[in-house]
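I opened a notebook for this chain and wrote down what I looked up, in order. The sequence and the model come first.

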Amino acid sequence: MNDLEDQLLAAAAAMATGERIVAVTGAGISAESGVPTFRDAQTGLWSSFNPQELATPDAFERNPRLVWDWYAMRAARVGEVQPNPGHLALHDLETLFPSVIIATQNVDGLHQRAGSSKVITLHGDITRYQCFADCQGRLTPIDLTSLPSWDTAAGPPRCPHCGAYVRPAVVWFGEMLPPGALDAAETACRMADTILVIGTSGEVYPAAALPFINPHAKRIEVNLAETSISRRMHYRLRSSAGAVLPKLVDAVQRLRNP
Ligand SMILES: [Zn+2]
């Protein structure tokens with residue numbers, strides 16, 4: 001047996017004895033579906049901008065149309081891709097465990113599209129929108145499809161409550177995480193028997209701290225590469241999420257429903 005199979009079977013055995021699973025996911029699992037990272041999406045005319053010009057509240061105030069168009073382009077790309085077997089395997093876990101919670105740094109909504117029912121979006125959701133002025137309280141969601149048509153060449157639409165611009169419901173540089181998101185993720189991790197850490201470099205805080213706030217949880221890393229947090233994992237699966245998560249779920253299923 002090779003090292004990956006050893007690790008997979010050991011991880012499945014550790015997982016199978018628990019009841020509460022948390023998956024902390026990052027860009028790696030989305031990349032397998034073809035979602036480009038922020039940097040990788042900066043092709044063509046977008047390559048000349050630095051992130052501070054595209055993804056901060058100041059940037060939106062200075063040039064709302066530029067920022068709106070950047071997110072509209074990326075939301076359109078997300079609409080063209082599909083959840084991959086890694087996303088689907090995480091959804092399948094819900095048939096095996098009473099509690100499966102996903103805390104994701106990804107903004108593409110692919111976990112939700114895969115059917116996962118409890119997804120905490122730590123960095124927001126590129127397919128959703130809110131009032132830039134938070135006029136009905138933080139956050140004020142806006143359903144774009146409910147708005148009258150607007151001149152897209154003139155920039156973002158206006159909030160139907162207050163007339164401020166509508167913005168994408170993502171967390172920009174320097175912004176706080178969505179209200180309650182970090183609390184919910186921390187609580188889930190504290191109660192977890194197993195924490196899967198999937199496709200994340202472990203370098204973006206506060207999400208990077210989540211796997212370690214519960215010293216009793218078994219930690220399983222799924223990543224193609226060694227990361228800065230690999231050595232703090234109980235099990236390390238050096239593979240893509242799409243390749244290894246379905247096998248892990250199969251192995252757990254055989255142990256829980258022999
Ligand atoms: Zn408003």
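How many bridges join strand β1 to strand β7, and do they run parallel or antiparallel? I found five bridges between β1 (residues 20-25) and β7 (residues 194-198), and the two strands run parallel. I noted that two strands pair if DSSP finds at least two bridges between them. I also noted that helices (H or I, at least four residues) and strands (E, at least two) are DSSP runs, numbered from the N terminus.

Entry on the source. I am reading a predicted model, in which local features need pLDDT of at least 70, side-chain atom pairs count only at pLDDT 80 or more, and totals for chains, interfaces and linings use all residues. Residues are numbered from 1 along each chain as its sequence is written.

Entry on the whole chain. I counted eight helices and nine strands. The C-alpha trace spans about 60 × 35 × 30 Å along its principal axes. I looked up the radius of gyration, which is taken over C-alpha atoms, with a globule rule of 2.2 Å times the number of residues to the power 0.38. A compact globule of 258 residues would have a value near 18 Å, and the chain has 19 Å, which agrees. Buried residues make up 42% of the 258 residues. Buried means that 20 or more other C-beta atoms lie within 10 Å of the residue's own, exposed means 12 or fewer, and partly exposed is in between, with C-beta atoms placed from the backbone.

Entry on the six-stranded sheet. I read the strand order as β3-β2-β1-β7-β8-β9, in an open sheet with parallel pairing. β3 (119-121) and β9 (235-237) stand at the edges with a single partner strand each, so one side of each has no neighbour in the sheet. Neighbouring strands are turned by 15 degrees against each other on average, direction ignored. I reminded myself that strands of a sheet pair through backbone hydrogen bonds, either parallel or antiparallel.

Entry on β7. On to β8: five bridges join β7 to β8 in parallel, and I195 stands opposite R219 of β8. Is β7 buried or exposed? Five of the five residues of β7 are buried, so the strand is largely enclosed by the rest of the structure. T194, L196 and I198 point one way from β7, while I195 and V197 point the other way.

Entry on α1. I found helix α1 (residues 3-16) lying across β1, β7, β8 (218-222) and β9, at about 130 degrees to β9. Axes are lines fitted to C-alpha atoms, for helices over the stretch in contact, and angles run from 0 to 180 degrees between N-to-C directions.

Entry on α5 and α8. At what angle do helix α5 and helix α8 pack? I read about 25 degrees for α5 (residues 85-92) and α8 (residues 241-256), with their axes 7 Å apart. That makes α5 roughly parallel to α8, a term for angles under 35 degrees. The contact is made by P85, G86, A89, L90 and D92 of α5 with A241, G242, L245, P246 and V249 of α8; contact means C-beta atoms, placed from the backbone, within 7 Å. Seven of the eight residues of α5 are buried. What covers them includes β1, α2 (27-31), β2 (99-104), α6 (110-113) and α8.

Entry on Y205. I found Y205 in the loop between β7 and β8. Y205 is exposed, with 8 other C-beta atoms within 10 Å. Y205 and G242 are 37 residues apart in sequence and 25 Å apart in space, C-alpha to C-alpha.

Entry on the three-stranded sheet. I read the order β5-β4-β6, in an open sheet with antiparallel pairing. The edge strands are β5 (141-142) and β6 (166-170), each pairing on one side only. Two bridges join β4 (residues 124-131) to β5, and five join β4 to β6. I looked up Q130 on both sides: the bridge partner in β5 is P141, and R167 stands opposite in β6. Six of the eight residues of β4 are buried. Helix α4 (residues 64-80) lies across β4 and β6, running at about 140 degrees to β4.

Notes:
Two residues are in contact if their C-beta atoms, placed from the backbone, lie within 7 Å. Angles under 35 degrees count as roughly parallel, over 145 as roughly antiparallel, 65 to 115 as roughly perpendicular and the rest as oblique.
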